[in-house]
Amino acid sequence: MPLPQTKTRLSRPLARDEAYEKLRDWIIAGTLKPGETLRDQEIARVLGISRTPVREALRRLEDEGFVETALNRWTRVAPLDVKKAIEIYCVIEALEIFALEKAQLTPHDLQNMVDANHAMRASLRAQKPLSALRADEAFHGIWIARAQNGELWVLVAQLKTKMLRVELAYWDRAAQTARSVREHAAIIKALQKGSRREAIAALKQNWEGSMERLRSLPESQTASPRDEE
């Protein structure tokens with residue numbers, strides 16, 4: 001397993017969390033590819049820590065769907081699972097609709113949604129999928145935050161963490177995801193004229209369109225998306 005070399009040695013009190021973040025970032029970026037074997041001893045050597053925090057980090061990554069294991073046989077990067085991603089999308093859609101129903105939105109919030117949608121369009125045109133994904137998250141995150149429900153925020157964040165790799169592959173296909181910009185604009189327009197019912201209908205259309213576009217992704221797609229970082 002060709003792990004990137006790093007001069008940084010992790011501080012022991014935070015070793016487990018830092019190992020988790022480092023491995024997660026490598027998996028999301030495609031440095032560690034789907035199906036690649038992960039050996040805790042080698043990871044520990046590269047990161048300059050013991051094997052125990054590495055094993056704890058790998059268990060957390062397995063819980064989040066980034067890693068899969070066969071007891072006493074192997075631990076490896078999990079494949080991209082479009083079918084599972086669509087199941088998670090359905091749950092997030094329901095949670096976002098609930099959040100939009102409860103959200104107390106201000107004119108400033110609506111302007112932030114406009115700005116986020118413009119940023120997403122610019123990122124897609126520049127072929128920067130990670131930036132487009134972040135702009136999309138910022139757009140949807142506005143009414144989730146304004147629902148003022150901490151448990152809802154945490155739950156959505158956990159589910160979206162599981163989606164990161166598939167979403168990056170999704171956002172790398174700008175020709176399809178450009179439709180999301182128009183769908184977002186419909187949500188904004190409905191909110192600007194004060195129709196929460198139309199906004200919720202437009203949000204449902206956005207999620208249904210996203211799932212339709214997600215289904216077009218090849219099950220075996222493993223290519224790392226391009227980005228500026």
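The buried residues of helix H2 pack against helix H1 (15-29) and H3, where contact means heavy atoms within 4.5 Å, and where helices (H or I, at least four residues) and strands (E, at least two) are DSSP runs numbered from the N terminus. This is a predicted model, in which local features need pLDDT of at least 70 and side-chain atom pairs count only at pLDDT 80 or more, while totals for chains, interfaces and linings use all residues. Residues are numbered from 1 along each chain as its sequence is written, and side-chain values use heavy atoms, with hydrogens and water left out.

In H2, which spans residues 40-47, the buried residues are Asp-40, Ile-43, Ala-44, Val-46 and Leu-47, buried meaning under 20% relative accessible area, exposed over 50% and partly exposed in between, with a 1.4 Å probe and protein chains only. Seen down the axis of H2, these buried residues fall within an arc of 165°, so they line one face of the helix; the arc is that of the directions from the helix axis to the C-beta atoms. Gln-41 and Arg-45, on the other side of H2, are exposed. After H2 comes Gly-48, whose phi is positive, near 75°.

The volume of the second largest pocket is about 310 Å³. On a 1 Å grid over the protein atoms alone, a pocket is an open set of points with protein on both sides within 12 Å along at least five of seven lines, a cavity is a set where a 1.4 Å probe fits but cannot get out, and lining residues have an atom within 4 Å of a point. Grid points are joined across faces, edges and corners, and a volume is the space filled by probe spheres set on the points.

The structure holds two cavities of 30 Å³ or more, and the largest cavity has a volume of about 140 Å³. Of the 16 residues that line the largest cavity, Tyr-89, Asp-136, Glu-167, Trp-207 and Ser-210 are the closest to its centre. The largest share of this lining, four residues, comes from H6.
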